[in-house]
Amino acid sequence: MSAFNASLFCVSCARAPIRQMEKVLVAMQDPDMGMKMRNQRLLITVIPHAMTGHDIITWLIQKYHICEEEALHLGEMLVKYGYIYPLKEPRCLVLRPDESPYRFQTPYFWTSTRWPASELDYAIYLAKKNIRKQGELMEYEKERYSLLHKRINHTWDFVVMQAREQLRASKQRRKADRIVLECQEQAYWLINRPPVVSPLHQYCFLFYTNTIHLKRALGRNRVKSSVCLEGFVKYSEQYQNHDPIMQGCLPSNPWISDDIAYWMMNSEIVPVPTRLRVERWSFSFMELLSDAMGRREFMTYLEKEFSAENLHFWQACEEIRHGESSKIIEKVEDVYKNFLAPGAARWVNIDSKTMDKTLEGIKRPHRFVMDDAQMHIYFLMKKDSYPRYLKSDLYKNMLAKAVVPQETKKSVFPFMRRQRHSSPSPAQAGAQAAEEDGRAGTNSAAGSHF
Amino acid sequence: MPLVNNKVGDDCTASGDKALADGKALVDSLIKVVACYRHLASCVGGCTDSLQLRNELRQTREKAQNLAGDICHHLTSHLRDKSLPDGQRKEMELLWVAFSSCLELLHVDMCKVLNISGIVSLADSASLVHTGLEGCSDVAARALSLPDLNQAQTDSLPAGLESQERSTMELEISQIDRMIDDMEMKVNVLRWMVEPHGPQYADPLSSTDSASMALQSIDEEQQAPTSQPLCQRSHIFVLLLL
């Protein structure tokens, strides 16, 4: 696609509101119904086609039957988009509803015909201005001139020559026209290359936030992606047999066979747990703790070892973390009394630094005040009691006793149509088991498989 | 310049110099024509727009295209010549860069003219924008290096002229497009290696020129919004100069 087509496409995208503005502009030119034109007097030169801000507003109100506020707004847009430019104070692009003079901008400089104002163009303009004013450019113009000199240095001879030629061409015109042309060009560049107040202020905040973000990023832990992926692969391998989708579930998938035996066997508390479930307790400490039966078994084991207070403490801390806000203070008091106070009935062994920090925190109890102590005890159990539990007879017996359900026989007639009816909800099955235990909530053991 | 000790070599460098001079002259005139074209294009759609202006535009454009074709041919053939000595090559590359910038400006101006003629039609003279410009000029004459143009124009707009103009313009714009593409394909000029001759700040045109210009241009740079009317300030300015 040629450059011409590409630029046409870009312009046409933004066309609609610009087209409306241009319609207004064209309407203003009507010799009968258009804007009232006056003459601008400069010393001895008279330039036609000037209009006051007040006239513009009045015309807009009359033509489009709008209120003054709207007319002012519309007029402002015309000025800000460069269709009309002020003759006094050209840098101040506002529409004053008084006797301030304005003039129409030539279509060559209109927004719709504005091919991206290029650096080359701007350089030529600045060079022209520099020649005309013998070096008297505004500060920001001088800066940009130097910048452009670096950027498009290779074509600088051309820039200077073209600037000269353009000035020579305009000398062919009469004085009044020359003035108008200069004003037009100046107005165009004030819109397309407006003076920037201070680039520093704009970017300061950006740099600041960036720096903070990057500092944080540096502090984060990094793991090699190969290590990460290895861990992921190991996890998948370990859990593959336990995944109902990958391995199927015994005795049968309740969603298919309408037989809820699977859920019943895996509910929270059962007389005999399934083998898969007991195996999972050996995968990680968290698996053991999150299973109600596993926790119960572990507690039995710890009682034999006379370190059950650790698990009790951990459970109590969990209740504080996840329990009701109103009961937090009460629970923290209890925990302190039972586990942390010197000479407490179930005193837990925490290192002195954590103990001091926790005791300080208890003075202003909140949900997470026990976190450090809980973490300490958790790791204590994980490193010490848990491995021994896995090697213990208690666990091994449990594993041996665990049941592996038989797969139900598939129906003899594989294509027989089954009568469809809505399956019993797993929530109901869980509620039954939970009611038996006196605990509310869904069946987490069955639920976790889905 | 490298030393050569055979007659053929001498001829080469001599002809190379001539080629350079030719190329420079061509590029200079193209720059002049492009400047004039830009000047004329800035009047399109305004109150000075007329059939005559469009004619002048067309003539200037044709001249620019002819020049462009010549320069393209000239520079391409010389830059593709591997035996070109280094000094001359550098000069040629400078010309090349100037030429491509010229083409860029011409292309933009042509597109703009095409665009404007779509928005503001010459046939509907009531819609021409009151830009404050007046009077005809000899800009085109300058471009075409003629003492004066043949002012024979028709006042009425022939039917279908505008649409014909449009299609011609579109053709010519795509022609320039292709020229630019061709140039880039055929000759590889490394722009960052090209060094210009001239200084950063151009000298004023001439003392009389600049003085008269400074006198007549209005003082646009008002430091702070003052309530002084424009005339008063220029008045003082003139008094200071006299």
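Reader: How much space lies in the largest cavity, in Å³?

Author: Happy to! Please keep in mind that this is a predicted model, in which local features need pLDDT of at least 70 and side-chain atom pairs count only at pLDDT 80 or more, while totals for chains, interfaces and linings use all residues. Residues are numbered from 1 along each chain as its sequence is written, chains are lettered from A and ligands numbered from 1 in the order in which they are written, and side-chain values use heavy atoms, without hydrogens or water.

The largest cavity holds about 420 Å³ of space, and the structure has six cavities of 30 Å³ or more. A cavity here is a set of points on a 1 Å grid over the protein atoms alone where a 1.4 Å probe fits but cannot get out, and a lining residue has an atom within 4 Å of a point. Points are joined across faces, edges and corners, and the volume is the space filled by probe spheres set on them.

Around the largest cavity there are 24 lining residues, and those nearest its centre are Phe109(A), Lys128(A), Gln166(A), Leu181(A) and Glu185(A). Two or more lining residues come from each of α5 (119–132), α7 (156–171) and α8 (175–192) of chain A, and from α1 (7–41) of chain B. Helices are DSSP runs (H or I, at least four residues), as are strands (E, at least two), numbered from the N terminus. The largest share of the lining belongs to α8(A), with seven residues. By class, the lining has eleven nonpolar, five polar and eight charged residues; Ala, Val, Leu, Ile, Met, Phe, Trp, Tyr, Cys and Pro count as nonpolar, Asp, Glu, Lys and Arg as charged, and the others, Gly among them, as polar.

The axes of α5(A) and α7(A) come within 8 Å and cross at roughly 60°; axes are lines fitted to C-alpha atoms over the stretch in contact, with angles from 0 to 180 degrees between N-to-C directions. The two helices are therefore oblique, since angles under 35 degrees count as roughly parallel, over 145 as roughly antiparallel, 65 to 115 as roughly perpendicular and the rest as oblique. Their crossing is right-handed, meaning that the near helix is turned clockwise from the far one by less than a right angle, whereas anticlockwise is left-handed. On the α5(A) side, the contact (heavy atoms within 4.5 Å) includes Leu120(A), Ile124(A) and Lys128(A). Facing them in α7(A) are residues including Trp156(A), Phe158(A) and Gln166(A). Ten nonpolar, two polar and three charged residues make up this contact.

The pairing of α5(A) with α8(A) has an angle of about 130°, with the axes 12 Å apart. That angle makes α5(A) oblique to α8(A) as well, but this crossing is left-handed. Here Asp121(A), Tyr122(A), Tyr125(A), Lys128(A), Lys129(A) and Arg132(A) of α5(A) meet Glu182(A), Glu185(A), Gln186(A) and Trp189(A) of α8(A). Three of the residues in this contact are nonpolar, one is polar and six are charged.

Two residues tie the picture together. Lys128(A) is among the residues nearest the cavity centre, and it takes part in the contact of α5(A) with α7(A) and in that with α8(A). Glu185(A) is likewise among the residues nearest the centre, and it belongs to the α8(A) side of the contact with α5(A).

Note on methods. 1 Å grid on protein atoms, 1.4 Å probe; cavity = no way out; pocket = protein on both sides within 12 Å on 5 of 7 lines; lining within 4 Å.
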